[in-house]
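Here are my notes on the model you sent. Please read them with the structure open.

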Amino acid sequence: MTTAPERTSDLYPTRGAEEVLIERKDPVVWSEPGAAGPITAGDLAGFERDGFLAIDQLITPDEVSVYHAELERLINDPAMRENDRSIVEPRSQEIRSIFEVHKISELFGRLAADPRVVGRARQILGSDVYVHQSRINVKPGFGATGFYWHSDFETWHAEDGLPNMRTVSVSIALTKNHDTNGGLMIMPGSHKTFLGCAGATPKDNYKRSLQMQDAGIPSDGTLTHLAADHGIRLFTGEAGSATWFDCNAMHGSGDNITPYPRSNVFIVFNSVENTAVEPFSAPVRRPEYIGARDFTPVQ
């Protein structure tokens, strides 16, 4: 376990009186050109430009079956429902997300350390990495709520204390992503501008925000301008497909009112050279199962 250092200078102020737009001050791809890794030079250039990388099949159908069964085991475990790591839907009271799955599940822990997964994270971030956050997300049919537009880095900077944009996420589909069942949407190129949101962070904001986010939400006007500048890409694909995306990409997902469930495992890798300090715009840290304070590199 490594203790977080003191807060550094704030390159990306947020949660103030007004929204602010700040040009990104950090690289997108941190590795040197030609660095070894599973991502081709062309795909890395696309990630630099767009802020995401879609992969048709990251894990095999047989592996999907194993991981989906593990997801079902966890969400149907009565003990998990009582665990603070579980977030339930406000309306249905069904489990929506379970955090820190790489620690509570040996299977998901092995997935986070799989070279197909962690190798891409190291290549993008140019260093060893640790898991800042992991979770399984469940969107059953007929009314599961979405995740409103946001930049993950805005929250991780404000509430977890990540100083720089040296963090990347992967969403691995464990069910088919249709164009109708609440799939991931990203604004390509939006990762190159930081949107500092208006409004202070309430104490223990995480307790509400993981069900229905209030703090860290962009205004309708700014979202309209971002969408006009960048457009919106909706990600579809078979189970086993994956989307890598930059920590500052503006993204969200809609409600799932179809009969087709959508579930995924979500893993966030942060550089060991970008470890969390004290929160930049929140009165207290979020719990460690949401924003890690164990910076041990993935092996």
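This is a predicted model: local features need pLDDT of at least 70, side-chain atom pairs count only at pLDDT 80 or more; totals for chains, interfaces and linings use all residues.

1. Within it, Phe 99 has Arg 135 of β5 as its bridge partner. The two strands concerned, β4 (residues 95-99) and β5 (residues 129-139), run antiparallel and are joined by 3 bridges.

2. These strands belong to an open sheet of 7 strands with antiparallel pairing, in the order β2-β11-β7-β13-β5-β4-β3. At its edges lie β2 (52-55) and β3 (86-88), each of which pairs on one side only. On average, neighbouring strands are turned by 15° against each other, direction ignored.

3. Helix α1 (residues 41-50) packs on this sheet and touches β2, β7 (167-173) and β11 (242-246). The direction of α1 makes about 135° with that of β2.

4. Which residues of α1 are buried? They are Leu 44, Gly 46, Phe 47 and Asp 50. Seen down the axis of α1, these buried residues fall within an arc of 160°, so they line one face of the helix. An α-helix has 3.6 residues a turn, so residues three or four places apart point the same way.

5. The cover over the buried residues of α1 includes α6 (115-125) as well as β2, β7 and β11. On the other side of α1, the exposed residues are Ala 41, Gly 42 and Arg 49. Just after the helix, Gly 51 takes a positive phi of about 90°.

6. The largest nonpolar core has 41 residues, and Trp 244 and Phe 269 have the most contacts inside it. A second, separate core has 20 residues, among them Tyr 130, Phe 153, Trp 156 and Phe 235.

Notes
Residues are numbered from 1 along each chain as its sequence is written. Side-chain values use heavy atoms; hydrogens and water are left out. Two strands pair if DSSP finds at least two bridges between them. Helices (H or I, at least four residues) and strands (E, at least two) are DSSP runs, numbered from the N terminus. Axes are lines fitted to C-alpha atoms, for helices over the stretch in contact, and angles run from 0 to 180 degrees between N-to-C directions. Contact means heavy atoms within 4.5 Å. A nonpolar core is a set of buried Ala, Val, Leu, Ile, Met, Phe, Trp, Tyr and Cys residues joined through side-chain atoms within 4.5 Å. Buried means under 20% relative accessible area, exposed over 50%, partly exposed in between (1.4 Å probe, protein chains only). The arc is that of the directions from the helix axis to the C-beta atoms.
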